[in-house]
Amino acid sequence: MSDERPEKPLPEKTSLEKPSVEKAVAEKAAAEPPALRASDADRERVVDRLRDAVAEGRLDMEEFEERLEAAYTSRTYAELEPLTRDLPAAAGSTSPSPVAPSPAPSSAWPDRIGGTGTSATAVAVMSGFQRKGRWTVPARFNAVAIWGGGELDLREADFAEREVVITCVAVMGGIEITVPPGVEVDVRGIGIMGAFDQGKSQDNRPEPGAPRVVVNGLAFWGGVAVKVKQQKGQKGPKGLDGGAPRKEL
């Protein structure tokens, strides 16, 4: 008899293998919900809270400017939330979250933002210029009045971008800018023996999704006036129709 014993068959490889690290990470990422995108209204609500914090003395200007820039560049709620995490909820707020979703704006602002500017320059030398009715304000607009005057009416205008900059130069002349209620206006011009001031109307509260108009430039022996006024045929809050509050510059 032979002493050789039959060899035991080798065990078959099991089909169950430990998942790789890459696969585990991918599965975890797929299981996590996507970051919720923030809207313009959410960003504006955070900006309003930051402005209140400055007025209350909770933030200095350097902190405010840093957070303001971060707010306008944020894309998700997760990026907005830390900007007001150390601030108390705004007065009258029933929710501790400063970036809770808000109702959609009742206005048609989104339909009025975007496109190509109708014209980028207006000049009046011992004469006048006027831009009114349906036109598109470019991202950068230059207005010059020398011994003359000009009028920029934005009440029926569209806006190439959400923020437009109007640079005014008034030399022994005047420029008047009319904006509809809800548009945020920021005046930064310089007056030399003239008037170029940034006055704010308490009745004109910026609306979510509305454009922002920055007015800068120089007034030398001249002035620039910014007023808030409803379009003809529309009824607005008291003080915004007819006798509109004005920024006399």
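**Close-up views of a predicted model**

View 1. Leaving aside neighbours within four places in sequence, E44 is in contact with Y72, R162 and E184; contact means heavy atoms within 4.5 Å. The model is predicted, so local features need pLDDT of at least 70 and side-chain atom pairs count only at pLDDT 80 or more, whereas totals for chains, interfaces and linings use all residues. Residues are numbered from 1 along each chain as its sequence is written, and side-chain values use heavy atoms, with hydrogens and water left out. E44 counts as buried at 8% relative accessibility. Buried means under 20% relative accessible area, exposed over 50%, and partly exposed in between (1.4 Å probe, protein chains only).

**View 2. Salt bridges of R212.** A salt bridge is a side-chain nitrogen of Lys or Arg within 4 Å of a carboxyl oxygen of Asp or Glu. R212 forms one with E163, where the closest N and O atoms are 2.6 Å apart. R212 is in strand β11 and E163 in strand β7, so this pair ties together parts 49 residues apart in sequence. R212 also forms a salt bridge with D186, with the closest N and O atoms 3.0 Å apart. This second pair links distant parts of the chain, R212 in β11 and D186 in strand β9 (residues 184–187), 26 residues apart. R212 is buried, with a relative accessible area of 11%, and D186 is buried at 12%. E163, at 35% relative accessibility, is partly exposed. A network of salt bridges links D48, R51, E163, E184, D186, R188 and R212.

**View 3. Salt bridge between D158 and R134.** The side chains of D158 and R134 meet with an N to O distance of 3.1 Å. D158 is in strand β6 (residues 158–159) and R134 in the loop between β2 (128–131) and β3 (136–137); the pair links distant parts of the chain, 24 residues apart. D158 is buried, with a relative accessible area of 15%, whereas R134 is exposed at 63%. The salt bridge count comes to 13.

**View 4. Strand β8 and its parallel partners.** Strand β8 (residues 174–179) pairs with strand β5 (residues 149–153) in the parallel sense over five bridges. Strands pair if DSSP finds at least two bridges between them. Strand β12 (residues 223–228) also pairs with β8 in the parallel sense, over six bridges. D153 stands opposite T178 of β8, and G174 stands opposite G223 of β12. T178 is buried, with a relative accessible area of 1%. Not counting residues up to four places away in sequence, T178 touches L152, D153, L154, R155, K227 and K229.

**View 5. Nonpolar surface patch.** V123, V125, M126, I146, W147, M172, I190, I192, M193, L218, F220 and W221 make a patch of about 1,200 Å². Patches are made of residues with over 30% relative accessible area and no salt bridge; like charges are joined within 9 Å, and nonpolar side chains (Val, Leu, Ile, Met, Phe, Trp, Tyr) within 5 Å. Accessible areas come from the Shrake-Rupley method with a 1.4 Å probe, and for residues only the protein chains shown count as cover. Strands β1 (121–125), β10 (190–192) and β11 (212–220) each supply at least two residues of the patch. I146, in strand β4 (residues 140–146), is partly exposed at 32% relative accessibility.

**View 6. Positive phi at M172 and W221.** Most residues other than glycine have a negative phi. M172 has a positive phi of about 50 degrees and lies in the loop between β7 (163–171) and β8. W221, with phi near 55 degrees, is in the loop between β11 and β12. M172 is partly exposed at 38% relative accessibility, and W221 is partly exposed at 49%.

**View 7. Aromatic pair W135 and F141.** A search of the whole structure finds two aromatic pairs. In one of them, W135 and F141 are edge-to-face, 5.7 Å centre to centre with 65 degrees between the planes. Rings of Phe, Tyr and Trp (its six-membered ring) pair if their centres lie within 6.5 Å; planes under 30 degrees apart count as stacked, over 60 as edge-to-face and the rest as tilted. W135 is buried at 7% relative accessible area, and F141 is buried at 1%.

Definitions and conventions. Helices (H or I, at least four residues) and strands (E, at least two) are DSSP runs, numbered from the N terminus.
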